[in-house]
Amino acid sequence: MNEIVFSGSSLDRLDAKRRDREWLQTQLIEDATRILPVWNLSPLVRSDEPRLAWATPAILDDHSGPDPILLGASDGRAHFALDISAVEEPLEHYGWDGVATFPDLRAASGTLPAEDAAVAAQARHIVDWHSRHGHCPGCGAATQVRDGGWSRFCTDCSTEHFPRTDPVVIMLVTDGERCLLGRQPGWPGNMYSALAGFVEGGEMLEEAVAREVGEEAGISVKDVRYVASQPWPFPASLMMGCRATATSTEIELDSHELESADWFSRDEARAALAGPTDRLMVPPPMAIAHVLLRRWVEEG
C-alpha cells in the first residue's frame, strides 16, 4: 500500500483524447471499456474482495443521468465514472445485491488497494464537481459537459469552467522533542491532529502555515518546509503536508477554530501511533496527519 492514501493511480488521464468526441463515443461502446458506478459520491466496491467493482458499457443502455466522465486508460482499456445517484435503489435496480456495495470512501480506503483508492478519489472528486456546477457562476445559465467531463461550457456567456482543487496546508509544528496538536469539537475520544487550514488568496504555502498556526494556537513558527501532499476528495482539497519549527511555545487558543491544543512528546506520539492512549488518539493511517506524525517519530 502507498504511504499516502488516494495516491498511486496508474491510469493515463489522456488529456489529448478528452477533446476527441469521436474517440470518446467509440470507447463508450467498446466491450473492453470499464465504467465505475458512483452513487451519492460513493464508488461501487465488490463484496467478495475489497476492490472497485467495474461495470460494462451495458449500464448506459437505460441511463438517463449525467454523462460518463473519462478517468483515463490502463492497458489500452478506457475507464469512466458514472453518476447514478438518481437511481433510488441501485443495488436492486442493477442486480448487484450481494455482489457489491457503495461504502463510504473514507471507510473503504483502509481496505482498498492503493491504486483502487486513488481512482475512487478521482471519481468522487469529479462527480461531486459536476453535481454542483450545472450552472455558470458568472451568468447563471446552464452549462454543457465537454472534454470527457473535465470542463463545462456556458453557451450564454461562452465561459469555460474547469474542476478546481482547494489547497490546504496541514502542518506538524515541533519544539525539540515535542509537537503541537489540536482538537476540533466533535472528534471522537481524545483525538488530536496536526493543525490545518485553507490557503488564502495571495499566500505562499509558507505564509499560510505561519498564519494558520498563529491564528489557531497563537504560536509563531520558522523553517516551514514542504513534506508531502495528499488528494482529499471531501469534497475537493489537496492537503499539503508541512513541517515547521516553533519560535514561541505558549498556546493562545482560538476557541472558534479549536476545542483545545497541546504539546505532546515524541514518546507520547509514538505510543499513540501504536494505539490510543489515555491522553492521545491520533488520526488513522489514511490521513496525511498520521504520516507527518509517524515520520517525525521515526526521526527520534
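Is Thr 143 buried or exposed? The structure considered here is a predicted model, in which local features need pLDDT of at least 70 and side-chain atom pairs count only at pLDDT 80 or more, whereas totals for chains, interfaces and linings use all residues. Residues are numbered from 1 along each chain as its sequence is written, and side-chain values use heavy atoms, with hydrogens and water left out.

Thr 143 counts as buried because its relative accessibility is 10%; buried means under 20% relative accessible area, exposed over 50%, and partly exposed in between, with a 1.4 Å probe and protein chains only. The residue lies in strand 7, which comprises residues 143-146. Strands (E, at least two residues) and helices (H or I, at least four) are DSSP runs numbered from the N terminus. Apart from neighbours within four places in sequence, Thr 143 is in contact with His 133, Gly 134, His 135, Cys 136, Arg 152, Phe 153, Cys 154 and His 161, where contact means heavy atoms within 4.5 Å. For His 133, the backbone oxygen lies 3.2 Å from a polar atom of the Thr 143 side chain.

The protein as a whole contains 8 helices and 15 strands. Its C-alpha trace spans about 60 × 50 × 35 Å along the principal axes. Of the 300 residues, 48% are buried. Among contacts with a separation of 6 or more, 63% are accounted for by residues 24 or more positions apart.

Two packed helices are described by the angle between their axes and the distance between the axes. Helix 7 (residues 266-274) and helix 8 (residues 288-299) pack at about 125 degrees, with their axes 9 Å apart. The axes are lines fitted to C-alpha atoms, for helices over the stretch in contact, and angles run from 0 to 180 degrees between N-to-C directions. Helix 7 is therefore oblique to helix 8, since angles under 35 degrees count as roughly parallel, over 145 as roughly antiparallel, 65 to 115 as roughly perpendicular and the rest as oblique. In this pairing, Arg 266, Ala 269, Arg 270 and Leu 273 of helix 7 meet His 290, Leu 293, Arg 294, Trp 296, Val 297 and Glu 299 of helix 8.

The loop between helix 7 and helix 8 contains Asp 278. This residue counts as exposed because its relative accessibility is 84%. Asp 278 and Asn 40 are 238 residues apart in sequence and 37 Å apart in space, C-alpha to C-alpha.

Definitions and conventions
Polar contact = N/O pair within 3.5 Å; in protein donor to acceptor, adjacent residues only side chain to side chain.
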